[in-house]
Protein chains: 4
Amino acid sequence: MVATKKVGILGATGTVGQRFILLLADHPIFTIHALGASSRSAGKSYKDATKWKQSKPIPENVENMIVNECKSASFAECDVVFSGLDADVAGDIEMEFLKANLVVFSNAKNYRREPTVPLIVPTANSSHFDLIPHQRKIYGQDKGFLITNANCSTTGLVVPLKALQDAFGPLSHIIVHTQQAISGAGYPGVPSLDILDNVVPYISGEEEKIEWETGKILGAVNSDATGFDHLENTVVSATCTRVPVIDGHLESASIKFANQPAPSVEEIEKVLAAYTTEPQQLGCHSAPERAIIVNSLPDRPQPRLDRDLEKGQAVTVGRVRKCPVFDIKFTLLIHNTVLGAAGSSVLNAEIAVAKGLI
Amino acid sequence: MVATKKVGILGATGTVGQRFILLLADHPIFTIHALGASSRSAGKSYKDATKWKQSKPIPENVENMIVNECKSASFAECDVVFSGLDADVAGDIEMEFLKANLVVFSNAKNYRREPTVPLIVPTANSSHFDLIPHQRKIYGQDKGFLITNANCSTTGLVVPLKALQDAFGPLSHIIVHTQQAISGAGYPGVPSLDILDNVVPYISGEEEKIEWETGKILGAVNSDATGFDHLENTVVSATCTRVPVIDGHLESASIKFANQPAPSVEEIEKVLAAYTTEPQQLGCHSAPERAIIVNSLPDRPQPRLDRDLEKGQAVTVGRVRKCPVFDIKFTLLIHNTVLGAAGSSVLNAEIAVAKGLI
Amino acid sequence: MVATKKVGILGATGTVGQRFILLLADHPIFTIHALGASSRSAGKSYKDATKWKQSKPIPENVENMIVNECKSASFAECDVVFSGLDADVAGDIEMEFLKANLVVFSNAKNYRREPTVPLIVPTANSSHFDLIPHQRKIYGQDKGFLITNANCSTTGLVVPLKALQDAFGPLSHIIVHTQQAISGAGYPGVPSLDILDNVVPYISGEEEKIEWETGKILGAVNSDATGFDHLENTVVSATCTRVPVIDGHLESASIKFANQPAPSVEEIEKVLAAYTTEPQQLGCHSAPERAIIVNSLPDRPQPRLDRDLEKGQAVTVGRVRKCPVFDIKFTLLIHNTVLGAAGSSVLNAEIAVAKGLI
Amino acid sequence: MVATKKVGILGATGTVGQRFILLLADHPIFTIHALGASSRSAGKSYKDATKWKQSKPIPENVENMIVNECKSASFAECDVVFSGLDADVAGDIEMEFLKANLVVFSNAKNYRREPTVPLIVPTANSSHFDLIPHQRKIYGQDKGFLITNANCSTTGLVVPLKALQDAFGPLSHIIVHTQQAISGAGYPGVPSLDILDNVVPYISGEEEKIEWETGKILGAVNSDATGFDHLENTVVSATCTRVPVIDGHLESASIKFANQPAPSVEEIEKVLAAYTTEPQQLGCHSAPERAIIVNSLPDRPQPRLDRDLEKGQAVTVGRVRKCPVFDIKFTLLIHNTVLGAAGSSVLNAEIAVAKGLI
């Protein structure tokens, strides 16, 4: 590709920000141009401002970049701005960037429920980009727009659900249980005294996110592309726990289809394995070869063994079997800081470029 | 109590056997009289035969006891025999003991589905002891009998389910997800390479046990005390996983009641906290003061913090809340090697003594 | 014992404070009378002020005690004050208490190097209480005094070193390596992202503490009981690391004796096993039966299996063997929050009572 | 490179064997040609014979290769044979291969002490290849030879020691303490009940290996290239422990130089950072860019963050500082299954190719 897009990263010193930097280090169309963090970090070199906790070192070209405050003026040259900001500051900052006509891809929860802001999982509902013209109109921008990606656990869940919904029609009931990695809580995040030889059966706000976001993502853009038809007849119940795993959220789901008789285990495995998505068709750089990997071994997926498949951009599904209560149950794994966070944003941005929105 | 009962322990060198020894070390009515293990261990002192993995040392009076093979002749003087044998040998050995007119409390799965063998969780269905006269008749014994206790995860689940069923009538649907401790797999058990920084979403045979055993335990003894009325209208779907926790199985359950409208969260918490069981009423030594502990903190129960409450003989329940799909959901914790295994057997034996069966 | 002493606990809501509360819950001579913490906690019930992280629940009589600020006026009725304060505030507060004629046992580092403040490991150098009359003179108190206990790792090391020094004369060189539990860093303390699947080879200030404190503890009270003869010819080199263990510091030491030929492995094991200390002779409630437990199994001590022996007040030593470079090497284990912290203070206070100093 | 060498892997289904397969999957000069394992695996496809525990999947071209027994006849076409065999079988098998005129690179301990078998750490003593002509003469081979690589912990230690010895002359005393990853014990290896919330202060035979192997590796080939001058005046004392870390051995060493005054910390860091080795000069594919990485952050190296640097072929050194007892102390990290095992063999084989020995 010839043209290179300049990108900025907000919240660059945090866990999601560090993952953005790794994902963008050798990117064919994006080049890191500006870094934003809190005023405490502003003015420092990135190396001095961050507590780097990745197993790969800071890319050389980023080490000595000077960190800015998160003001749109410092990011005016950026074609794309990725936000890994915490929710307590993301609301104001991201809106200021949008109103400065900048393109923002956000990991924060603040605008996910906003009716004119798409909530996009790149391998599930990239069709929601269709709302951008309407959003630009609402906010009076000709270039800028704001896309959010979903909560990490929601992201893992909706990818196979979308494949099933496309193939077999609406899902009526979903009960899902998550076992979430500590990296999802950022740094310092989960104290070791809370999680060593332990499981914490609670993550604040997480269950509500899964139960609500699923309905927006699996819903369609309405007929005049001015909003989303939130699914009302797909009911989700989530239980979320934290486990002593570095990366990779494991989720167990039981599902009931609206249309009966429900498909067989074999039909479901076939549909999941064959699932193809728009970013793959568009040839996006970060698109996984397989959006869903079906693993037929009895004890998979496992976080440590499967999280890095497809560079963390796939969802691995295993243990597809009959559910005595609903129709089927299965286990899925998502890399929570790649597809579940920064990786979704990057792939969303690639889709937007491919669609000519940037 | 004046009279002291002599007890034997089969599978004494294994993980469950070690727990039996700790539980019986200073017991007011049971005294350890004989130890049984494989022929490889027979003839050795207990200290030399076992790889002791408990955080309390081997009781002094047990250290130098000589281990026997598991033949009834060596246990003829025992009033009670506790079996922590593995399933691959438990079947033949326990039957040989029963036919030698011995009283056997087994942790193995072999006879759980046997129509004339009670499957008893002491704080759920001690009424199932009523079948003993019939069982003795069947096997032609005047003194001996065989009781099994349930799978560790089933045990944790049925205690609150029984409380709810007693108070609010039958449960129609239960979806349960377990996060099970490594001690449940014995020693050497789970390789560390499989579980460090990982979760294994599969435990062979475990889901089937929960789904089936629940129906036997929550069912009633039939009218002429010759069998059990397995619940047919309570359907259970289980997903079982292994997590890097030493002791303590955590389970998340979603439940639908047959009778509608379902009880409120407050009514459920009240019923669980007030739940009283026969071994408590009989004043059994190992009975917990509270059979169910209701913890109202948002992030409890947790294995490391709650597993040792009531010396491991209680089930702790937390996070009782509305389920968007069913009626309610909650989280429970059971100490898998105490109430979930050896502790159930010991308490069952105390009940049998109190009922005059031994 | 008839007379009951009222005690206060400073830093009651922290990790060390929580351990003080557990150790003092059913104490025969001490009764918890007052709790102190930061102004943020003051005025709240203890239950609301603390994030309780122990596996035993908060004692009932403490749950609803109101927490005070750490001012001596609120502790005037206390016969003993235990301090689990952090170093950044301990200096001023403990001095204010001392000058208010109160008896203070401190876990903080602030006064350990003070020439007139004893640094006492109860099973190593309780003779250092002899300095109290001089200290009272210096600070103009007739009743109050200040005792510090040692750093947790130092404490584990000096117990066997004292036994060896007493038996075989001065030690010339000691190289020690520690693997320290996360509870030593308090709560929230070590982030889980730093320690899961990891070891951190650095603990700020820890190596210097071991290298210096050993010389004060193993030294004698000078002839007129006005100071301590710091050992100058015993040189210590320490390397300290943090490992994913909840409780229990493991230390490996190589030692050279000043007097040659050095004792044999057998002589050393014999001396360690026979080591008897003043609090044991005084019949102190918290004194371990064995101050040093010698474990001859090849792979012991281990934190999880041995830390709770003697209720955490012993040091377990194993792997005593020849060192190719020095004379001997061995491994030791100390429960860092019991004998390594709160347990030392409690036992020190019991010694002081037994000696008539309180 | 034009010519491609065919390689065989013995012990292909084990932990070291799996690492060989990953390292050789896309190798520019080696191509996997034959796999050997026990008779239990022979005849099966690799996929079915192994329990794959790597976070990357089995390379496609290896999945369906048929596993052979470890007999030289099946490996006759191999230019190089890598052995990841366990010590209990490696002795006979490797000798049979050598006598069949095959080139063997072994990870087993069996021939490390053999006077005519080089014990080579590729970034420390590749000069020991000079003995090959003599070895061939002894065993009557014209093409075949046998090279062993060192124990994983020894390997990490000798790389910086060699750099220091080259620059500052002989080392007189070394006291080293290791914290070793569970992958070093293979699969199933360390039971999780032994290592979760725990450290095991013992690894059978490990300390003796470090203490002896160091002297052979750091010694020179004798003047007529018929043997090695084992260092007699460099005394090593090792203590080895197992920690809950997946990959990466951490070691802390205290060192005394024979020549005094000893070099300063700065001189040592400079020498370590500048250390260059033969495989780098030969342009070997697997040679690290830096054989030693000096990390000056106070809390590094750490296994999880640093083990994958230079694809696991470097040793990372940190915390270089004065030792109060000896001259200096420092911490090092080695990836135990790459440079510490399979990676050493592969790099040794590349050196041998570059030297024209294969």
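How much area do chain A and chain B bury between them, and what share of it is on carbon and sulfur atoms? Chain A and chain B bury about 3500 Å² between them, with 56% of it on carbon and sulfur atoms; buried area is the accessible area (1.4 Å probe) that two parts lose on being put together, summed over both. Asp197(A), Pro201(A) and Val325(A) supply 17% of the area that chain A buries against chain B, more than any other three residues.

This is a predicted model, in which local features need pLDDT of at least 70 and side-chain atom pairs count only at pLDDT 80 or more, while totals for chains, interfaces and linings use all residues. Residues are numbered from 1 along each chain as its sequence is written, chains are lettered from A and ligands numbered from 1 in the order in which they are written, and side-chain values use heavy atoms, with hydrogens and water left out.

**Chains A and B**

In this pair, 47 residues of chain A are in contact with 47 residues of chain B, where contact means heavy atoms within 4.5 Å. Between chain A and chain B there are 29 residue pairs in polar contact, both residues being at pLDDT 80 or more. A polar contact is a pair of N or O atoms within 3.5 Å; within protein, one must be able to donate a hydrogen and the other to accept it, and residues adjacent in sequence count only if both atoms are side-chain atoms.

Several elements of chain A each supply at least two residues of the side that touches chain B, among them β7 (171-180), α8 (206-217), β11 (249-257) and β14 (328-334). Helices (H or I, at least four residues) and strands (E, at least two) are DSSP runs, numbered from the N terminus. The largest share of that side of chain A, 7 residues, comes from β10(A). By class, the side of chain A that touches chain B has 24 nonpolar, 11 polar and 12 charged residues. Here Ala, Val, Leu, Ile, Met, Phe, Trp, Tyr, Cys and Pro count as nonpolar, Asp, Glu, Lys and Arg as charged, and the others, Gly among them, as polar.

Chain A can be laid on chain B with an RMSD of 0.0 Å by a turn of 180° and a shift of 0.0 Å along the axis; copies are superposed by least squares on the C-alpha atoms of residues with pLDDT of at least 70 in both. Because 100% of the interface residues of chain A are also interface residues in chain B, the copies meet through the same surface.

**Chains D and C**

The contact between these chains takes 47 residues from chain D and 47 residues from chain C. Chain D and chain C bury about 3500 Å² between them, 56% of it on carbon and sulfur atoms. Of the area that chain D buries against chain C, Asp197(D), Pro201(D) and Val325(D) supply 17%, more than any other three residues. Across this interface there are 29 residue pairs in polar contact, both at pLDDT 80 or more.

The same surface serves both copies, since 100% of the contact residues of chain D recur in chain C.

**Salt bridges**

Side chains of opposite charge can pair when their charged atoms come close. The whole structure has 48 salt bridges over all chains, a salt bridge being a side-chain nitrogen of Lys or Arg within 4 Å of a carboxyl oxygen of Asp or Glu. There are 8 salt bridges across the interface of chain A and chain B, and 8 between chain D and chain C. Some of the pairs are listed here.

| Glu207(B) | Arg319(A) | 2.7 Å |

**Backbone and record**

Most residues other than glycine have a negative phi, and most peptide bonds are trans. The peptide bond from Gln260(A) to Pro261(A) is cis, with omega near 0°, and Pro261(A) is in the loop between β11 and α9 (265-274) of chain A. In chain B, the bond from Gln260(B) to Pro261(B) is cis, with omega near 0°. Ala225(A) has a phi near 55°, a positive value in a residue other than glycine, and lies in the loop between β8 (220-221) and β9 (228-229) of chain A.

An unreviewed UniProt entry places the feature "domain: Semialdehyde dehydrogenase NAD-binding" at residues 6-132 of chain A; UniProt positions are given in the numbering used here, feature names are shortened, and annotations may be inferred rather than shown by experiment. The span is 25% helix and 19% strand, and its end C-alpha atoms lie 21 Å apart.
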